[in-house]
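Hi,

Here is the model I promised to pass on. Have a look, and my notes on one of its domain contacts follow below.

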Amino acid sequence: MSETSFSQVNTAISVQEASFLTPQQYDQLLQADDAASRSALLQGTVYAMDAEAIKDLNAIEQVLMKHLYSVYNWALEISPSKELVEIFTLRYTYHNLKVFLKGRATGQSLEHLLMPVGTYSLEVLEHLVMAFSAEYCPDFMLDEVLATWQEYQDYQDVRVLEIGMDMAYFQHLKRLTQVLEDDRLLQLVNLTIDFYNAITVKRAVDLGKPRSFMRQLLSDEGSLSATNWIAMAEQGDFLTWFSQVNPCDYDLDLRSYEEKMRNQTLTTVELEYLADLLQAKLLATGQFETDGPLPLARYLLGKELEVKNLRLILTGMDNQLPVELIRERMRPIYGQD
């Protein structure tokens, strides 16, 4: 992957950045008294929707994802590295594989759950699952689908399909880093996998789930073994692990989270927020680069977090959640990192 090949992309990003909502716009949305006011505030943005749609969770999701799909389609067209964009779109690819596998297993039509975005079209993924053919995608994807399907045949439990594709997703992510050859993108992928494992064991221990339950959900692609992940959560010792994977040493914004780890008071919700915060901070280190892949990666993560924030605000306000609770759970805002 040539860094200089990204110079034109990074110039184009400076134009695309104008579509991001500002902190002031977020504040106005949080202060709006009703759906009509929130609708008026979104007019002229890429998330425009009328007052009726803004009260409909399905309509909100359609508007948010339509914009996100357009962002990824633009990125796939302009990026000299499809693998860079795949770091963000692979989750949708493997979501779609889950849908097709569940449809095959149950005989139900689940097309309404599909998400049409990524380097592999829905037609290619459907062909992969229904024909068990890797004609249009890598052999390793077929291998994972076949192994997952065989396990489903053995246990007749659709949860096997979920877990199998989750593990395949993380393995595929790791494969991408071999092509990208950028240490910071490797860190991004490693953080994605490690935080998934950390959040999984934290939530499971809080719920009193057995170790056998945790083992089947953990990815082997993380920095620790399953035994060590479970022991870490049971002992509440997240700080040792975090100190090893944190790419932003001495960052004052992280002090409060480190202190909560030290005191063993960190919640699962806070751990989920920290995952997004750390990734945003990592990619922000390349925000002023004229060449290289980080500005595009930062832009794509920024759009993912913006959609999370808008989903949280619009659904939270409609459900009359306290404004301060919504603010606390909002992800980092692009340009404020």
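How many salt bridges are there between domain 1 and domain 3? The count is two, taking a salt bridge as a side-chain nitrogen of Lys or Arg within 4 Å of a carboxyl oxygen of Asp or Glu. D276 pairs with R331 in a salt bridge, with 2.7 Å between the closest N and O atoms.

Some housekeeping: this is a predicted model, where local features need pLDDT of at least 70 and side-chain atom pairs count only at pLDDT 80 or more, while totals for chains, interfaces and linings use all residues. Residues are numbered from 1 along each chain as its sequence is written, and side-chain values use heavy atoms, with hydrogens and water left out.

On the layout, the protein chain is split into domain 1 (1-78 + 292-332), domain 2 (82-179) and domain 3 (182-285), with bounds from an automatic or database domain assignment. The centres of domain 1 and domain 3, over C-alpha atoms, are 26 Å apart.

Now the contact itself. On the domain 1 side 13 residues touch 14 residues of domain 3 (contact means heavy atoms within 4.5 Å). About 1,100 Å² is buried between domain 1 and domain 3, 70% of it on carbon and sulfur atoms; buried area is the accessible area (1.4 Å probe) that two parts lose on being put together, summed over both. Within domain 1, the most area is lost to domain 3 by L294, L301 and R331, together 45% of what that side buries. R331 is also the partner of D276 in the salt bridge above.

Cheers
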